[in-house]
Amino acid sequence: MPNQMKLFDQEALRALPGNDRCADCGMPNPEWASVSFGTVFCLECSGVHRGLGVHISFVRSITMDSWTSKQVVLMMAGGNDKCKHYFKENGVPTDIPIKEKYAKPQAQNYKEVLRAQVEGFPEPPILPPTAESAEELQEQIPPSQECCWPHKSEGHGYVEPVTITAFSGGKCEVFTPQASLSYANNGSTLSKKRTFSFKQYFTSVMKSVRHVSSRGNKMKK
């Protein structure tokens, strides 16, 4: 049964790294929270979060609203610094408008990561970096960043984890733990480790994403 958050839980929540300030604008002593992201923020930013809709960010007052025990556990598993770190590692800028930031697929994926950690389920795979051009992709992939390859040969939307290492001169090295992996751009295989231009890699990722999305939409109809 929902009850107001206990005082010692409030204190523990505020003690989490980064929770002394608003996750979005840096205002001190935030009193509002997003159960979805496990973050805390100020009154002004809470209004923006409410405007996103509960399907994106479920907002509660730390002191005035009722909380279920599961919601409290989710908050304790999160924290502002943890969320910011995930966003940074997955190409979500933290200095863009709230509406744009939390609607990104990588941000929405973090909600599922957090829930999986609390409920003991396998974490969802990391999504491809958000980019609209090969140049943006190159900027978003620092050396040895883990990301996911949307595997074209699997029409149900399965994604294959790979490791990407960025090089100068517009090149990137792609490594997969599998013996081979379908390369969506030309039908060849990625045998453990190969080097591509960012333009090649970006084109293949976008083709795979479109393929997976179109197959998924057909399956829903």
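1. Glu 112 is partly exposed, with 33% of its relative accessible area open. This value, like the others in this note, comes from a predicted model. The partner of Glu 112 in a salt bridge is Arg 115, and their closest N and O atoms are 2.7 Å apart. Arg 115 also counts as partly exposed, at 40% relative accessibility.

2. How many salt bridges does a search of the whole structure find? The search finds four. One of them joins the side chains of Asp 24 and Lys 101, with 2.9 Å from N to O. Asp 24 belongs to the loop between helix H1 (7-14) and strand E2 (32-34), whereas Lys 101 belongs to helix H5 (residues 98-103); the pair therefore ties together parts that are 77 residues apart in sequence. Both Asp 24 and Lys 101 are buried, which means that each has under 20% relative accessible area.

3. Glu 119 and Lys 70 make another salt bridge, with 2.7 Å between the closest N and O atoms. Because Glu 119 is in helix H6 (residues 105-119) and Lys 70 in helix H3 (residues 69-77), this pair links parts of the chain that are 49 residues apart in sequence. Glu 119 has a relative accessible area of 29% and is partly exposed. Lys 70 is partly exposed too, with a value of 45%.

4. Which residues line the second largest pocket? The lining consists of Val 35, Ser 36, Lys 70, Leu 74, Lys 111, Glu 112, Leu 114, Arg 115 and Glu 119. The list includes Glu 112 and Arg 115, which are bridged to each other, and also Lys 70 and Glu 119, which form a salt bridge as well. Helices H3 and H6 each supply at least two of the lining residues. H6 gives the most, with five residues.

5. The aromatic residues come next. The structure has five aromatic pairs. In one of them, Phe 87 and Tyr 110, the ring centres are 6.2 Å apart and the planes stand at 80°, so the pair is edge-to-face. Phe 87 is in helix H4 (residues 80-89) and Tyr 110 in helix H6, and therefore the pair ties together parts that are 23 residues apart in sequence.

6. Trp 67 is placed in strand E5 (residues 66-67). Its relative accessible area is 3%, so Trp 67 is buried. Along the chain, Trp 67 and Asn 3 are 64 residues apart, but their C-alpha atoms are separated by 5.3 Å.

7. Where is Asn 29 found? Asn 29 is in the loop between H1 and E2, the loop that also holds Asp 24.

8. For the protein chain as a whole, the secondary structure comes to eight helices and nine strands. The chain has 221 residues, of which 44% count as buried. Among contacts between residues at least 6 apart in sequence, 49% join residues at least 24 apart.

9. A caution on confidence is needed. The protein chain has a mean pLDDT of 75, and 56% of its residues reach 70 or more. Over residues 148-160 the pLDDT stays under 50, and the model has 44 contacts there beyond four places in sequence. The pLDDT is also below 50 over residues 178-191, a stretch with 42 contacts in the model beyond near neighbours in sequence. Where pLDDT is low, the predicted coordinates should not be read in detail.

How values were computed: Residues are numbered from 1 along each chain as its sequence is written. Side-chain values use heavy atoms; hydrogens and water are left out. Helices (H or I, at least four residues) and strands (E, at least two) are DSSP runs, numbered from the N terminus. Buried means under 20% relative accessible area, exposed over 50%, partly exposed in between (1.4 Å probe, protein chains only). pLDDT is the predictor's confidence in each residue, from 0 to 100. Contact means heavy atoms within 4.5 Å. Rings of Phe, Tyr and Trp (its six-membered ring) pair if their centres lie within 6.5 Å; planes under 30 degrees apart count as stacked, over 60 as edge-to-face and the rest as tilted. On a 1 Å grid over the protein atoms alone, a cavity is a set of points where a 1.4 Å probe fits but cannot get out, and a pocket is an open set with protein on both sides within 12 Å along at least five of seven lines; lining residues have an atom within 4 Å of a point.
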